[in-house]
Amino acid sequence: MSNVGSQEARVEVEEVERIDVDEVDTPNTTDVPSNEVEEENSMKRRTTKRKSQVWNDFAMIENDDGTRKAVCNHCGMKFAMKVGGPTSTLMRHQKTCVARQVSDKKQKVLALDSVMFDGKGGGPSVYKYDKEKVREIIAKMIIVHEYSFRMVEHTLFNVLLRTLNPRFDSVSRVTIRNDCMKLFISEKKKLKEILRSVGKICLTTDLWTSNQTIGYMCLTVHFMDMDWKLQKRVISFCGLPPPHTGLAIADAILQCLIEWGIENKVCTVTMDNESANDVAIRNLKDNFSLKGNLYFGGRIFHVRCCAYILNLMVQDGLDEIRGIVENVRESVKYFKMSPARLHKFAEIVRQLQLPTSRRLVLDVPTRWNSTYKMLESALFFKEVFPRYAERDPNYRWLPSSDDWKKADEVCKFLEVFSEATLSFSGSKYPTSNLFLPEVWKIKQMLNEKSLYERDFMRDMTYKMREKFEKYWGECNLVMAIAAVMDPRYKMKLIEFCFPKIYSSIEAGRHITLVREALYASFYEYVNATSFADSAMTSSSANHDLVAVSGVSKSVAEFDEWTTTIDSIEPIKSDLDVYLEEGRLINKGNTNSVKFDALEWWKTNTLKFRILSDMARDILSILISTVASESAFSAGGRVLNKCRSCLKPETVQALICTGDWIRSELEIEKLEESDDEDMQEVCFE
């Protein structure tokens, strides 16, 4: 309060000073002796340099009546001033002038340069306009949000940036493209350093043809970071010239791995079931085997995409009700083609008092889950279809009542497959321990429906079981071993669900196979750890033997001998202890996805020193190529019809750098789901 009072008093004093000086009459020079007038005129003509620093912010002006005033250069306030008079009033104003504080170029402006995009960061720092930094941020914005290069030439974009900072210099689309390529190179160097410290990596790869009719191959690496968090990075989105043979695919993958320096770290490769991919896998497997870099004895090197297998299974099953699916699909197309038809359909919906917020869905025929959603939405409006047919004689695709019953049974049957697909294709890339229960539910449903009394369901189930036996008839070691690495399941889940999936003889054989593969993989880690420990011990012992002499040398030899004796493997290994312990009961949490197996192993690293390393690598294996397919969605947005002339190297830089920056800054990507390809019919 005292500061405020002093400021008010100061203002009052300034006003009084200005009023008093202004109101004092100018002396009449006629009453003054002539010699004094001449002396005053000579003083006026004399020019002396002002020494006070206050005059850097004030200017002296002379009014018509001869009076002088000091004017603030910032706010324009005037003060009465005599020649050679005191400047204390001006100095007080100089300290309190708001306009001066804002416009003074020497005033330090605070900025939050250290604040990241998520709002986290350090304290304020001194702002300094950095032209190169601004261009770097614009390049990141274009890459991450998939904008066009031409955006930097848009008029209002430049108006906005000049409004924020008048010193902004416009850049051309060619310049910003070059900035994006430089950013790609710098980010690639950073990622190489990260991958250099990673032990094992898993690959997912797939092929895609763009609207340029250019084939692209996407290669994604998956690894565990130091905090036991599953990471993924797109390291290649390169053009692959035809023909896309298995040898060409294998050569492209090897070339990319060598370029990144990770050819000796590949643990598994996840691909779909194309024949060319099988040839590529055999070539890669032979190459890694010759170099002695085939982990897990090559037993789980090739992982088939489970989401792709599910799609093949369900598509074969839907062929049995192809007529029903075609009738529903053509009906939705018919309604969608005319606003008058939609209006008539909506009127019937309102008459039946059905919610207009629900919509009809037109599927993508190659995606079974979109067909499932189309049937599900049509079933909701099944009472509308016959009433519409009564009002429109041109409508010819009305499903019969028996067709609706079949569609209803099929939708209930496919609900299990829909849940499994969501699990396999999760946007957060769940760990591989979650998938065996889903496969078990699918096989159990197929077994139940194969005994169904209705012929169409039996025929549908028979075709799907054939596909299941083709791809999952033999035990999937990745899913089985990963399930054992889940402390809630261990071997108990294998012993429980295998008899339900396979026959009694096959179940026993597969359980034995899983146990043997589990122990064989574990002892690979034991041998690798023992070799590393012995090398370290030998180096330390040699150093000690050189350093000591006489009696102490004998003591060092004794220490070396006891170290060898103590390093003998205990009777029970980590794996034995882990399997013999009771299962983890996850009380109060029925949703298995919420349990983090990686976090459990991270906590128990000291207890299971070797087994935790194995669990770390097994749980990071991807059983779906959804990571690569999501990159194709981004490729479709980058290579839209307005940007179809981009060179393949530019496309790769944009796709890869965008993935790296989003991962680093934890920016959620707006994924294109299957729903975006489906067309919805709205009645509101």
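Modeller: Gladly, and keep in mind that this is a predicted model. Let's start at K490, which sits in helix α19 (residues 490–501).

Biologist: What makes the phi of K490 worth a remark?

Modeller: Its phi is positive, about 55 degrees, although K490 is not a glycine.

Biologist: And why is K490 called buried?

Modeller: Buried means under 20% relative accessible area. K490 has 4%, so it counts as buried.

Biologist: Which residue other than glycine has a positive phi near 60 degrees?

Modeller: That is W228, found in the loop between β7 (215–224) and β8. W228 has a relative accessible area of 10%, therefore it is buried by that cut-off of 20%.

Biologist: How do you know that W208 is buried, too?

Modeller: The relative accessible area of W208 is 19%, and the limit is under 20%, so W208 is buried. W208 belongs to strand β6 (residues 201–209). W208 and C218 are ten residues apart in sequence, with 8.0 Å between their C-alpha atoms.

Biologist: How much of the chain is buried?

Modeller: Of its 684 residues, 44% count as buried. The chain has 27 helices and twelve strands. Among contacts with a separation of 6 or more, 70% join residues 24 or more positions apart.

Biologist: Which residues of α9 are buried, and what covers them?

Modeller: The buried ones are A276, N277, D278, A280, I281, L284 and F288. Their cover includes α8 (246–260), β9 (266–271) and β10 (302–304). Just after α9, G292 takes a positive phi of about 75 degrees.

Biologist: What makes the bond from P242 to P243 cis?

Modeller: Its omega is near 0 degrees, and the bond is cis. P243 lies in the loop between β8 (230–239) and α8.

Biologist: How confident is the predictor across the chain?

Modeller: The average pLDDT is 80, and 76% of the residues score at least 70. Among the elements, helix α7 (residues 173–196) has the highest mean, 95, whereas helix α1 (residues 2–23) has the lowest, 40.

Biologist: Where is the pLDDT below 50?

Modeller: One such stretch is residues 112–116, which has twelve contacts in the model beyond near neighbours in sequence. Over residues 539–551 the pLDDT stays under 50 as well, and the model has seven contacts there beyond four places in sequence.

Biologist: Why should I be careful with stretches of low pLDDT?

Modeller: Where pLDDT is low, the predicted coordinates should not be read in detail.

Conventions: Residues numbered from 1 in each chain as written. Predicted model: local features only at pLDDT ≥ 70, side-chain atom pairs only at ≥ 80, totals over all residues. Heavy atoms only, no water. Buried < 20%, exposed > 50% of the residue type's maximum accessible area, 1.4 Å probe, protein only. Helix = DSSP H or I, 4+ residues; strand = E, 2+ residues; numbered from the N terminus. Contact = heavy atoms within 4.5 Å. pLDDT = per-residue confidence, 0-100.
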